[in-house]
Amino acid sequence: MNKSQSFASLENYIKKSLSILFLTIFLPLFSIASVVFLVKMATYTAVIKLTLLEMGKLFFFMLPELLFYTLPISFFVAATLTLFKLSNDNEIVVLFSLGIRPKLILKIFSKPAFFLSVVLLFDFFILFPHAKVLSGNFLSYKKSEAKFNLSASEFGHKFGEWLLYIGKDNQNETYSDVILFNKKQDEEVLIGAKKAEIINDSGILRLKLSSGEGYSYSKEKFTQIDFKVMYINDTMKTDLNKYETPLEYWIPNTPSTKKKKKFITNTLLTLFPILSLFLIASIGIVHVRHQKGKVYLFLFLSITLYYALAITLQLAISWYAIPALIIGWLITTYIIYKKTIVAKF
């Protein structure tokens, strides 16, 4: 077996261990994050009515955000524990004694780390805006629909510019003996219908009236019409968000401080897997007898520190946080890597 074949076998072995550990960590972490989001979704039911299918739809809209926050942490922990497992089984010592250098180990991890960073970039830059807008529009529509459902009763209530009176609520979400009244400056309009139902047309709630009469009267004239079907349009429009491209969402014509902060923070979190390769090796490659109990502490501290710096720096120095954290993190972790790994192996 030549050198290239040996390296390929080693690469496959490490990637296989990495994938098993990654799934072992990702699935529970994703499940916990999903439960948190489901609890958040449950709070919406206090305001709007959601069916099981609609809750599933809303959860699907939240998937890009769930994946964005769970994937990088899962990779960092899995990659570190993969090296720690090799150290614990004394396999890493054998590899180094055979001439495998630490930089070759980093090269193996760099490919999945780079791929994950690309996936995260696509997730937050492309999928996140689309899912966020769809989720916001869906909730906005359901809230406006809920407002109408609250108004639809035997009492008179506002329905846009109309006063609405309902004689009877039917079980099939239709209404009987409906009367609408609209008083304008020079004219008054009265409409009566035997049946009415709500129609959703691209986010606009309309009232469909069937079999009724309409009266319009002013000082000059009196008008009366009979109709089979009439639509009361544009009475309860839902405020829908629209965007043409992801760049338009992140950098809108009207500057948004919230989106700018989100963009900076997400960019830094996207780069976390590729920027932390030196740290992965520094924490994972250990002398088990001396450092076994510190691995999990270092994992926790590293993740907490990076995420805290990403949030803090974007608040303090805005766009400069991206190059500052990238350069600072790489230099710091490389120094740690050189002193703890390169100097010893």
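**Overall make-up**

The model is predicted. The protein chain holds 11 helices and 6 strands. Of its 345 residues, 42% are buried. Among contacts with a separation of 6 or more, 66% join residues 24 or more positions apart. The chain exposes about 19,900 Å², and carbon and sulfur atoms supply 64% of that area.

**Nonpolar cores**

In soluble globular proteins, nonpolar side chains tend to be buried together. Here the largest nonpolar core has 72 residues. Leu 58, Leu 83 and Tyr 306 have the most contacts inside this core. Helix H2 (residues 52-88) gives the core its largest share, 16 residues. Leu 58 touches Met 41, Tyr 44, Leu 50, Ser 135, Phe 138 and Leu 139, leaving aside residues up to four places away in sequence.

**Helix H8**

How much of helix H8 is buried? H8 spans residues 277-284 and is mostly covered, with 7 of its 8 residues buried. The buried residues are Leu 277, Leu 279, Ile 280, Ala 281, Ser 282, Ile 283 and Gly 284. Phe 278 of H8 is partly exposed, with a relative accessible area of 22%. The cut-off for buried is under 20%, so Phe 278 at 22% does not count as buried.

**Aromatic pairs**

The count of aromatic pairs comes to 23. Two of these are set out below.

| Pair | Centre to centre | Angle between planes | Class |
|---|---|---|---|
| Phe 68 and Tyr 69 | 5.4 Å | 85° | edge-to-face |
| Phe 278 and Tyr 337 | 5.2 Å | 35° | tilted |

Phe 68 is buried, at 3% relative accessible area.

Why is the pair of Phe 278 and Tyr 337 classed as tilted? The planes of the two rings stand at 35°, so the pair is neither stacked, which needs under 30 degrees, nor edge-to-face, which needs over 60. Phe 278 lies in helix H8 and Tyr 337 in helix H11 (residues 321-342), so this pair ties together parts that are 59 residues apart in sequence. Tyr 337 counts as buried, at 5% relative accessibility.

**A nonpolar surface patch**

Some nonpolar side chains sit on the surface. Leu 163, Tyr 165, Ile 179, Leu 190, Tyr 217 and Phe 222 form a patch there, with about 510 Å² of accessible area together. Ile 179 lies in strand E3 (residues 174-183). Ile 179 is partly exposed, with a relative accessible area of 40%. Patch residues need over 30% relative accessible area, so Ile 179 at 40% clears that cut-off.

**Backbone**

Most residues other than glycine have a negative phi, and most peptide bonds are trans. Which sites have a positive phi in a residue other than glycine? Asp 177 is one, with phi near 55°. Asp 177 is found in strand E3. Ser 318 is another, also with phi near 55°. Ser 318 has its place in the loop between helix H10 (295-317) and H11.

Technical notes: Residues are numbered from 1 along each chain as its sequence is written. This is a predicted model: local features need pLDDT of at least 70, side-chain atom pairs count only at pLDDT 80 or more; totals for chains, interfaces and linings use all residues. Side-chain values use heavy atoms; hydrogens and water are left out. Patches are made of residues with over 30% relative accessible area and no salt bridge: like charges are joined within 9 Å, nonpolar side chains (Val, Leu, Ile, Met, Phe, Trp, Tyr) within 5 Å. Accessible areas come from the Shrake-Rupley method with a 1.4 Å probe; for residues, only the protein chains shown count as cover. A salt bridge is a side-chain nitrogen of Lys or Arg within 4 Å of a carboxyl oxygen of Asp or Glu. Helices (H or I, at least four residues) and strands (E, at least two) are DSSP runs, numbered from the N terminus. Buried means under 20% relative accessible area, exposed over 50%, partly exposed in between (1.4 Å probe, protein chains only). A nonpolar core is a set of buried Ala, Val, Leu, Ile, Met, Phe, Trp, Tyr and Cys residues joined through side-chain atoms within 4.5 Å. Contact means heavy atoms within 4.5 Å. Rings of Phe, Tyr and Trp (its six-membered ring) pair if their centres lie within 6.5 Å; planes under 30 degrees apart count as stacked, over 60 as edge-to-face and the rest as tilted.
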